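Here is my note on the model you sent. Please read the points with the structure open.

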Amino acid sequence: MLTPAEHRAARLGGWFGIGLLAAAIGIPVAALLAGSTGAGFGVDPYLLRITRFTLLQAGLSTALSIALAIPLARALARHPALPGRSLLLRLFAIPLGLPPLVAALGLIVVWGRQGIVNAGLLRLGVDQPVSIYGLSGILMAHVFFNLPLATRLMLMGLERLPAEYWKNAAILGMTRANVFRLIEWPAIAQLAGGAAGLVFMLCVTSFTLVLVLGGGPAATTLEVAIYQALRFDFDPPRAVLLALVQIALTSAVLIALRVLKSPAEEAPQLGLSPARPDVAPGLPALADRVLILASALFVIAPLAATLVAGLRADLVRILTDALLWRAILTSLAVAAAAAATSTMLALLLVRARHSVAESQTAFAGRILSWLAGIAGSLVLLAPPVVMGAGWFLLLSGATRALALPLMIIVLINAMMALPFVIRVIEPAHRTAMSRNGRLCLSLGVTGINRLRRVDLPALARPLATAFAFAMALSLGDLGAVALFGGDRIVTLPWLLLQKMGSYRTADAAGIALILAVLCMGLMALSDRTGAGREAARP
Amino acid sequence: MRKPSLFFPLFTLIGTAGLVPLAAHADDRTLTVYTYESFIAEWGPGPKVKQAFEADCGCRLDWVGVADGVALLNRLKLEGDKAAAGVVLGLDTNLVTEAKATSLFAPHDIDTSAVSVPGGYADDVFVPYDYGHFAVVYDTQAIKTPPSSLKELVEGDPSQKIVIEDPRTSTPGLGLLLWVKAIYGDDSAAAWAMLRDRVLTVTPGWSEAYGLFTSGEAPMVLSYVTSPAYHMIAEDSDRYQAASFSEGQYLQIEVAGILKAAPEPDLARQFLAFMLTTGFQDTIATNNWMMPAAPTSEPLPEPFERLVKPTKDLLLPSDEVAAHRKAWVDEWQEAMSK
């Protein structure tokens, strides 16, 4: 429940957020189109084939990731006291922050032709080794990246359910099937659509993984064609049109996924990994543990390979390099700025949507809600390479002043993280508002006071998680940096790829390890911040 | 009501900008050179070249680096005559025709008699500064007898894999495409169809391919004749060697040129002349891992003596590449996708 003034502020904020996003995408695209001529567009068999492949691999990757994430999130929720559980959840954040190339090399150590799995199979007398190259490899890599993400998102939904639910389930002696049908599924379903949409978008825009593990040009995504159009062919109109095709197709899929969404479950109280008296020891509990262990192995093994390779590097020399520290500082600063901007934008959009949902009124309100919804999703599909080129064109001449390119990098990274942040914040925001809304109104705590004393503290944990997610994502991103280039903006992924590009593979492995450690640290910090605020909550 | 929280990102944005040290302009005259990033990396030729050039030009040399040669050309197309550079260093001969078509470059007007590159490349706009031959590099611990010709590579045992780069996204990938074109001509599609079974995967760039190769995934990779020199000199290892092909190796010549809109044309010309002296050329072999295009003050380190000597230098004319690249890439991707 919001006061009229709060409604006005929320909507104004929403329009501001949408305007900013529209400008951030529209201005560079317009600049790019205005300043250039190109052969433009034709629907050819090549385009049809890569479109089909893009949708196929993204669809399968999403289906697999979500289908595995649901039982995994459920198993993790059922065992809040499992040893190593919180460590595992932190480890689950690392794939987000790794450049795809590093992850691909980690996966290859485990699943590659000369990998651990194939070596083991060979010893067992299996001649035909597992091949990671081809569609199966792409799917495996996408599950590696997205299973942890989807699991974390859905687990948050389950943990938001009040502890009373589980107590009652235990008292009533509900069966596993009934607990799932009546309690768990409604909570998961609310998030599954959103998580699936996010994973789908990430897989649609996947580039390096698809090429490296795809085995050949038969595995080509639209993103590759966009890159090709802008790079070798230098045909910006074609790049923009391909991006539009990508956005249109993905929107269609996202709209279809919406159907899966069920209305929000209102939860009267917030619990932190509540105890689960309904879970009895026995075979099902054992099955949960096996599932958790198997998934943990699947995600951790490639990470462990990264760790081992990193430890083999000359870490002392790497860590005493001044350039590395400059890269760490720049990366952290850019990531923090991007995460702050992203969280801010997400709050504006989420609050505006909430305001519209609460008082179903005018046409303008519905438009606002709809725009905020798509803005929060589709920004992920605007190719950074296109936006970067457009901004570059606008700023040419001014690029020597570093503040501007840095701000553009922050903005692009913030936009890339926005869909993640929204998915973390929106459900929690809805729960918090329904819990505190009436109380605030009756106590007369409104406006800025309410925001400061009630709403933001209640969101401390999801905000901290969202911030850490966004930072991790931005840490591993090279895209926007590469375009502005110069030896003056040095980030960790940039330095890593520089080392890889000049035979210094061991140094690159060391830097990958540093990136992974930073991601872990971020997650640990966000857990602590969130938990601390939570405990202090009256 | 959201005002206070807006300040946070704004402050962070400004804070980020403050991280970057401001450059002090000590000298009046400044030459800006656009190049690719690996040239100006800590371990690249850039820092040494800067020091040597500044020592006798009484000026300041500023590097601006972009991803690679292709990105360099794109940046010029984006900036047009607003580009703030005097010299562009790092295009290769495949890009020369396109670069000239931008009409942003001016004739260099310098004495290029010191230049010595295979095939005797000469041009009135671009000056070569180094060159290298593409080669299939193999792991001696995995392969005893490497292919001795492109034909053997194409027709060889499909279980012995090679990692190649994508010609749609990378320069070495385009190099192999042209190599096959130079040998097989109109039969290239059939050759690619045969080679396809031998290709483990096609990576977007050189780094990914070489990373897969050194991690042991494939015993062969498309790289450079000079690649083994790095392992011999920096790692003291003879494990990785280049295969010599009887049809010859495809050549890549890297060039630099002067922009018409150069703020200090004299300084730009002075730099191009300097490029052919030992102060520049001495840094090429062991920093850029390419072959110098002009005399060096001392012979190259001993491992360079042991590198493969190409039996023939293959190079398609720049005009022909520019005219057919798109069709050839389409042909490649058609043959490789079946």
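How many salt bridges does the rule find across the interface of chain A and chain B?

1. The rule finds zero. A salt bridge here is a side-chain nitrogen of Lys or Arg within 4 Å of a carboxyl oxygen of Asp or Glu.

2. Some ground rules. This is a predicted model: local features need pLDDT of at least 70, side-chain atom pairs count only at pLDDT 80 or more, and totals for chains, interfaces and linings use all residues. Residues are numbered from 1 along each chain as its sequence is written, chains are lettered from A and ligands numbered from 1 in the order in which they are written, and side-chain values use heavy atoms, with hydrogens and water left out.

3. The contact (heavy atoms within 4.5 Å) takes 74 residues from chain A and 74 residues from chain B. By class, the side of chain A that touches chain B has 44 nonpolar, 19 polar and 11 charged residues. Gly is counted as polar, and Tyr, Cys and Pro are among the nonpolar residues.

4. About 6500 Å² is buried between chain A and chain B, and carbon and sulfur atoms give 64% of that area. Buried area is the accessible area (1.4 Å probe) that two parts lose on being put together, summed over both. In chain A, Arg231(A), Phe232(A) and Tyr503(A) lose the most area to chain B, together 15% of what that side buries.

5. Now strand S2 of chain B, residues 60–66. Strand S1 (residues 30–36) of chain B runs parallel to S2(B), joined by seven bridges.

Methods
Pairing = 2+ DSSP bridges. Helix = DSSP H or I, 4+ residues; strand = E, 2+ residues; numbered from the N terminus.
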